[in-house]
Amino acid sequence: MSIHVALTHKTTYSYDRAVTLGPQTIRLRPAPHARTPILAYSLKVEPRPHFINWQQDPQGNFQARVVFPERVTHFDVTVDLVADMATINPFDFFLEPEAENFPFAYDPVLDQELAPFRKLETPGPKLAALLAQIPRHERRMVDMLVEVNQLVQSRISYIVRLEPGVWEPEKALTEGRGSCRDSAWLLVQALRHLGFAARFCSGYLIQLVADQKPVDGGPEGPAADFTDLHAWAEVYLPGAGWVGLDATSGLMAGEGHIPLAATPDPQSAAPISGLVEKAETEFGFEMAVTRLRETPRVTRPYTPATWAAIQAAGAKVDAAIEAQGLRLTMGGEPTFVAATDREAAEWNTDALGPTKRAYAGRLLRRLIPLWSKGAVIHTGQGKQYPGEPLPRFALSAHWRADGEPVWRNPALLASDDDKGTATAAEAEAFGRILAERLQVPPDLLRAAHEDVHYYLWRESRLPANVVAEDAKLADRLERARFARLFRGGLSEPTGSVLPLRRVVQGGERRWQSGRWFFRDDTIFLTPGDAPMGLRLPLSSLPWIDPAQLAKEADSITDPFSPDRDRELRPRDQLRASLPLPEGRDGELSADQQPTPQAAPEVGMDDPAQVRTALCVEPRNGLLHVFFPPLFDVEDWLALVAAVEATAEETGQKVLLEGYLPPRDPRLPHFSVTPDPGVIEVNIHPATSWPDMVERTEQLYEQARQVGLAAEKFMLDGKHVGTGGGNHVVMGAARPEDSPFLRRPDLLRSLVSFWHNHPSLSFLFSGLFIGPTSQHPRVDEARMDALRELDIAFGELDRIGGNPPPWMTDRLFRNILADMTGNTHRTEFCIDKMYDPNSSTGRLGLVEFRAFEMPPHPEMSLAQMLLMRSALAAFWRTPYRQSLVRWGTGLHDRFMLPHHAERDFAGALEELGQMGFPLEGSGSPRIWSSASRRSAKSRSRAWSWSCATRWSPGTCWVRSRPPAAPSATWTAASSACRPRSATGCPTVSS
């Protein structure tokens, strides 16, 4: 992930006559302590003849002593070098324990050795005042140095100063400006007065144009590649050595800082010094930097030519898919982390955190204008796993495929970034107007309260020396709940409840409400923190025979229902969007008058009892509207339209929550949800390659704009992915069109091909593989699973033709699972292909889970192209090869770069033979070794280095050449590391 640049520096002195030059000292060779690798260097001095003698000064800097035996009319010095601009982490160092905090003292022996670099000058009033601003209390050493560096940078404005010499600190502070050498010398003096050993450093500064501009208001960097002579300071820290601080920028020295001379005083660091006979002199100075070689990197993985070839290959695969009638759609589940605060638990292990929902909401809102104009935002209940006190959130956007807006005014949809003062009274007023709009009696709206008896009982159990507002309970959520409730008062309503359901009356669907009866005629919510719609005391409603209730209940529409072929009614024809009667004076119309309901009798039940409800709750100052379960998509759309109309009338922003609309291809959606350590975006399926390219690029860019990244760093500075997946969801726009249901052998082909080529499972995966990972292969848990898979394949052949879709599910469900039987956590997940037990499982979808999140959209799209090519190839020619029994060699071999590379090349060759070449003549060099090395530091499949999975040491590989009578042992590449320093796995091939 480096860039090789050529730097040319030419200095010329032209004299008006031939002059005598004394010995000239040239300090233009990178110093030995330069961290940027210098691949080539040359120094050219003119005129000839001359003599060059390379030396090292007392500080170890290289210097060339040049002697001219004859008089000269000019003196030219040309430096050419090639630098490897690999990223350097300036904080990648350790400190001795005694130097981890400021203040500290050098060891006596070290103190003597550093004496020249601690020489002090008497500070003037300006420098003394600057030093007085620096606190002397104990704090981390790195924080202290960054603070001093930025303090100097803030006091001295940078100027280009051509006159020779370095200003004294007092002059620079008085002027409030100075060149880089003036700021550097001021910083050196400030550090010495604080007790540090510091030195002046001159060198080259190379700045390259950034691949991406920052979005947080930070400096954008140069508009063009740039180089110049520069000066900075270096401070000596025990354990770390000399550390560079650039006072001009206020930053640490990085890969662009190439030191030429580091000395106690600026005079001995001059690039060129020497005597010359008095004469008129013209001075010339030229510097240039040129990129020689750019290896692929995470911010630019492909050259424009390669990316154009990938685009062309995608178009070719699209044409084949269209010609074959594959009717394929592909979605995804990419994951992101915050670009800042990477150490927080919510971006490493926790599913929820203080900032995750706000990030998710901002990303969702930026994507809606691009993907789903006219969408409504819904906050639903997400997953909940053991140990999590509350369900996770799930933010989703829903819109109509026909282009009709679901929600017209986005300004009426509140977000977590909004502040409000909504009260229970405003919630009740909103609910009454909404009830009128739904043409149900507003008097059936009832207030709901927290269970005062429960909380009073809990208060009585508190210790005698605490109060409820500061209960000091061990459970953080319970403690916050107590404080909130007792500060607000238990007598205040939590919100309003409107019993509501959709029924058919007189041949048309309309809303129906009813009275809820309780023993004490008060609605007390179940204690908790969830929305009130999830805490309704439904068990306290009058009892109804469950069998009778099941007959009356509506049901989820079958995903194969022909009703989904009809067009949705326009928004203005939905009953809920009808305006309220003009000039209403509070009197209810005849059809809105509540029908008298008798109280329930003991032993009698009433199946007509409305048992679902809409809730309006003021929470965190914002109005939340909780939707009841609905089973027809038009009912849900009608209720959304009624809520928006009510929000317009009242001027109240609202958040919609509760039950999701029924899944329907006429109402597409995408969502943003939390997962441990990441935010996951569930992208709606794309029907073509251009759609996939556009959505993927838009997603990455919008995520970057809100402060999310597709990469992070480990504790040792290693560049890795988000830790989440980049799952691929394959299917069709309609379940019955799914290629996996129309041709079950397609699933067999995919599973077999990936099994026979383990590199496809491991190259693009993350740091964790194997039976306990999130995407285990069939043969990583139980060896006998392959026998079962063979039996399933044979049964498919025996059935032949077009078996019923449930047959494919029953054949593979218990095989495509991890060792615990979890069918979701496996390489190929068929949970949503055709599960007869669930309507949401009969969607014709197959999910591939072994792709980890790549840092760049083009890398993600290359993965998608591989999958699309495989599907198109196997639809044309089913893959019928026998399953390979890899045994223990699965991990022993394919964790090594050599075997993984060979196997991957073989997989691409097979696809090429099927008519879908992805490498070689006439196809893009997507998988070239350069591209694979592009993410070496990310520990991804784009790297053939296995150092990410092995600890330091030497790995030995046993190989048996074809003609060799016995095994031979050879040392593998130094990039290959065994799992521990004390042992090495035996690897056979």
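**A guided tour of the chain**

Begin by selecting helices H2 and H5, which are oblique to each other; angles under 35 degrees count as roughly parallel, over 145 as roughly antiparallel, 65 to 115 as roughly perpendicular, and the rest as oblique. The model is predicted: local features need pLDDT of at least 70 and side-chain atom pairs count only at pLDDT 80 or more, whereas totals for chains, interfaces and linings use all residues. Residues are numbered from 1 along each chain as its sequence is written, and side-chain values use heavy atoms, with hydrogens and water left out.

**First stop: H2 and H5**

H2 covers residues 125–132 and H5 residues 180–193; they pack at an angle of about 60°, with their axes 11 Å apart. Axes here are lines fitted to C-alpha atoms, for helices over the stretch in contact, and angles run from 0 to 180 degrees between N-to-C directions. The crossing is right-handed, that is, the near helix is turned clockwise from the far one by less than a right angle. Now show the side chains of Leu127, Leu130 and Leu131 on H2, and of Leu186, Gln189, Ala190 and His193 on H5, which make the contact (heavy atoms within 4.5 Å). By class, this contact has five nonpolar, two polar and no charged residues; Ala, Val, Leu, Ile, Met, Phe, Trp, Tyr, Cys and Pro count as nonpolar, Asp, Glu, Lys and Arg as charged, and the others, Gly among them, as polar.

**Second stop: the whole chain**

Zoom out and colour by secondary structure: the chain has 22 helices and 39 strands. These are DSSP runs numbered from the N terminus, with helices (H or I) of at least four residues and strands (E) of at least two. Buried residues make up 52% of the 989 residues, where buried means under 20% relative accessible area, exposed over 50%, and partly exposed in between (1.4 Å probe, protein chains only). Among contacts between residues at least 6 apart in sequence, 75% join residues at least 24 apart.

A search of the whole structure finds 28 aromatic pairs. Rings of Phe, Tyr and Trp (its six-membered ring) pair if their centres lie within 6.5 Å; planes under 30 degrees apart count as stacked, over 60 as edge-to-face and the rest as tilted. Select Trp371 and Phe670, an edge-to-face pair at 5.0 Å centre to centre with 75° between the planes. Trp371 belongs to helix H7 (residues 356–371) and Phe670 to strand S30 (residues 669–675), so the pair ties together parts 299 residues apart in sequence. Both residues are buried. Next, select Phe753, Trp754, Phe764, Phe828, Phe848, Phe851, Phe874, Tyr879 and Phe904, which ring pairs link into a cluster.

Most residues other than glycine have a negative phi, and most peptide bonds are trans. Go to Pro47, in the loop between strands S3 (38–46) and S4 (51–56); the peptide bond from Glu46 to Pro47 is cis, with omega near 5°. The bond from Phe102 to Pro103 is also cis, with omega near 0°, and Pro103 lies between strand S7 (101–102) and helix H1 (108–113).

Arg327, in the loop between helix H6 (304–323) and strand S18 (329–333), has a positive phi near 55° and is partly exposed at 42% relative accessible area. Asp341 has a positive phi of about 55° and sits in the loop between strand S19 (335–338) and H7.

**Last stop: Ser415**

Ser415 lies in the loop between strand S21 (393–398) and helix H8 (424–437). At 14% relative accessibility, Ser415 counts as buried. Leaving aside neighbours within four places in sequence, Ser415 is in contact with Arg365 and Leu622.
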